[in-house]
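Try each one before you read its solution.

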Amino acid sequence: KGGGDGGVLDPVGLAAAAAAETLTPWTAEFFPWFPPEPEDLADPFSAPPAFGPDVHRVIWVEAQTALARVHALTRQGRTRKAALLLESAHVSRELSEWIKRRVEAEIEASEALAAEAERCALDLEELITTDFKLEGAALV
């Protein structure tokens, strides 16, 4: 799926593959220049060759230069993507730890409320007259 690891979509790889697919046909290997046939040059009524070797060389150089840029941008994109993945994993771990601490604190507050209600009802044998309030993870 786009050259990603573990079945994850890789937009950098997809973009690089599309660019390479567009540029490769214009390289010397796939876009060669062939000199005109001698009989075509001898015919005064034949059209001159549309592109000479110099035009082809310019196209080859531009295609190779563009491919080199694509490869450099691909490396840079993958490096930045890896850094973002590391950062997002770090943030995710921090958030998970905070959620765990918050849930533990809320459980403690709920247990304190239950213990106080039990103390009033069973130990003191009286009605609960105190207004208890949970504010976040704190029993007030």
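**Exercise 1.** Which five residues make up the largest nonpolar core?

This is a predicted model, where local features need pLDDT of at least 70, side-chain atom pairs count only at pLDDT 80 or more, and totals for chains, interfaces and linings use all residues. Residues are numbered from 1 along each chain as its sequence is written, and side-chain values use heavy atoms, leaving out hydrogens and water.

*Solution.* Start with the term: a nonpolar core is a set of buried Ala, Val, Leu, Ile, Met, Phe, Trp, Tyr and Cys residues joined through side-chain atoms within 4.5 Å. Buried means under 20% relative accessible area, exposed over 50%, and partly exposed in between (1.4 Å probe, protein chains only). The largest such core consists of Ala-16, Leu-23, Ala-66, Leu-67 and Val-70. Its largest share, three residues, comes from α3. Helices here are DSSP runs (H or I, at least four residues), numbered from the N terminus.

**Exercise 2.** Find the buried residues of α1.

*Solution.* They are Gly-13, Ala-16 and Leu-23. Seen down the axis of α1, they fall within an arc of 100° (taken from the directions from the helix axis to the C-beta atoms), so they line one face of the helix. On the other side, Pro-11, Glu-21 and Thr-22 are exposed.

**Exercise 3.** Is Phe-31 buried or exposed?

*Solution.* Phe-31 has 18% relative accessibility, so it counts as buried. At 41%, Trp-26 counts as partly exposed.

How values were computed: Helices (H or I, at least four residues) and strands (E, at least two) are DSSP runs, numbered from the N terminus.
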